[in-house]
Amino acid sequence: MKDFPSPEVRRLLRELEEFGKAHDAREPRQARRMLNLEPATAQLISILARSSRARRVLEIGTSNGYSTLWLAASIVPRGGLVTSIDRSAEKQQMARENLARVGLSTYVDFRCGEATEVISMLGGPFDFVLFDADRTSATAQLDRLLPKLAPAAVLLADNVLSHPVEIADYLAAIESLPHLQHVVVPIGKGLSVAFCQANSAEAGL
Ligand SMILES: C[S@@+](CC[C@H](N)C(=O)[O-])C[C@H]1O[C@@H](n2cnc3c(N)ncnc32)[C@H](O)[C@@H]1O
């Protein structure tokens, strides 16, 4: 990392990495763990967001905002917006405070609730989506999201190698989409990377 992210954001990312590791090691309740992305996975997601010039980002699974921070920093130059969903109001409040510490909270629309229900209420379109909540409802989330995708959209999902059974239905649903390019990258816990193009003429590609 040299010019990106800024030193201020980088310092906060390191702090959150250390906090997340220490906190999760002593927290026996899964629902209260931060479960942040692995740093290399987060870095790859940021590279994809920046290089695809993402502007309308949807994150499913805010936690305390580690990945939200990466995403927000990645879309700032284009004046984009990250919509981030979590069912835990407590964790989302931590995320809000973390993002505010580096002046990035105005780039995030925090939504608290069950992801599938929240997605139904969102307008979209989204050109970049990260699935990082519970794997079992990811298929239902994808289903509700499809009509809200931009003509060209990147769809990412973490935990593909760590939770292959739980995420199998999501991967099958992704593979069945038309005009799709998909690969699983063996980084961190395994990242599904899909590029979905409604039709080339419409997408202007
Ligand atoms: C793996 S953590 C997200 C980590 C975060 N992306 C990061 O890297 O910092 C998953 C989060 O999703 C939330 N979550 C799990 N299932 C959910 C659901 N069905 N609807 C909304 N939030 C959910 C949990 O509360 C938890 O904070």
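Start by selecting H179. This residue is partly exposed because 13 other C-beta atoms lie within 10 Å of its own. The terms work like this: a residue is buried if 20 or more other C-beta atoms lie within 10 Å of its own, exposed if 12 or fewer, and partly exposed in between, with C-beta atoms placed from the backbone. H179 sits in the loop between α7 and β6. Its phi is near 50°, a positive value in a residue other than glycine. The helix and strand names come from DSSP runs (H or I of at least four residues for helices, E of at least two for strands), numbered from the N terminus.

Two notes before moving on. Residues are numbered from 1 along each chain as its sequence is written. The model is predicted, so local features need pLDDT of at least 70 and side-chain atom pairs count only at pLDDT 80 or more, while totals for chains, interfaces and linings use all residues.

**Stop 1: a matching loop residue**

Now select R53, in the loop between α2 (39–51) and β1. Phi of R53 is near 55°, again a positive value in a residue other than glycine. R53 counts as partly exposed because it has 13 other C-beta atoms within 10 Å.

**Stop 2: the hairpin**

Go to strand β6 (residues 180–185) and strand β7 (residues 191–197), which run antiparallel and are joined by six bridges. Strands count as paired if DSSP finds at least two bridges between them. Which residue of β7 stands opposite V185? Select L191 to see it. Five residues lie between the two strands of this hairpin, and G188 in the turn has a positive phi of about 55°.

**Stop 3: helix α7**

Select I167, Y170 and I174, the buried residues of α7. Look down the axis of α7: these buried residues fall within an arc of 55°, so they line one face of the helix. The arc is that of the directions from the helix axis to the C-beta atoms. Here is a handy rule: an α-helix has 3.6 residues a turn, so residues three or four places apart point the same way. Turn to the other side of α7 and you find V165, A172 and E175 exposed. The buried residues of α7 are covered by elements including α6, β5, β6 and β7. Contact here is between residues whose C-beta atoms, placed from the backbone, lie within 7 Å.

**Stop 4: helix α6**

Helix α6 covers residues 138–145, and A138, Q141, L142 and L145 in it are buried. Why do these residues share a side of α6? They cover an arc of only 100° around the axis, which puts them on the same side. Show the partners next: the buried residues of α6 pack against β1 (56–60), α5 (115–121), β4 (126–131), β5 (149–157) and α7 (164–175).

**Stop 5: helix α4**

Select residues 89–101. This helix, α4, has 13 residues and reaches 18 Å from its first C-alpha to its last, close to the 18 Å expected at 1.5 Å a residue. The expected span is 1.5 Å times one less than the number of residues. Colour K91, Q92, A95, N98 and L99, which are the buried residues of α4. They cover an arc of only 115° around the axis, which puts them on the same side of α4. These buried residues pack against α1 (7–26), α3 (66–75), β2 (81–86) and β3 (108–112).

On the other side of α4, A89, E90 and E97 are exposed. Draw a distance from the C-alpha of E90 to that of S63; the two are 27 residues apart along the chain and separated by 8.8 Å. Just after α4, G103 takes a positive phi of about 70°.

**Stop 6: around the ligand**

Which residues come nearest to the ligand? Of the 18 around it, they are G61, Y66, S67, A115 and D134. The elements that give two or more residues to this shell are α3 and β2. The shell divides into six nonpolar, six polar and six charged residues. Ala, Val, Leu, Ile, Met, Phe, Trp, Tyr, Cys and Pro count as nonpolar, Asp, Glu, Lys and Arg as charged, and the others, Gly among them, as polar.

**Last stop: two cis peptide bonds**

Select F4 and P5: a cis peptide bond joins them, with omega about -5°. P5 lies in the segment before α1. Then select G124 and P125, which are joined by a cis peptide bond with omega about -5°. P125 is in the loop between α5 and β4.

Conventions:
Contact = placed C-beta atoms within 7 Å. Near = placed C-beta within 6 Å.
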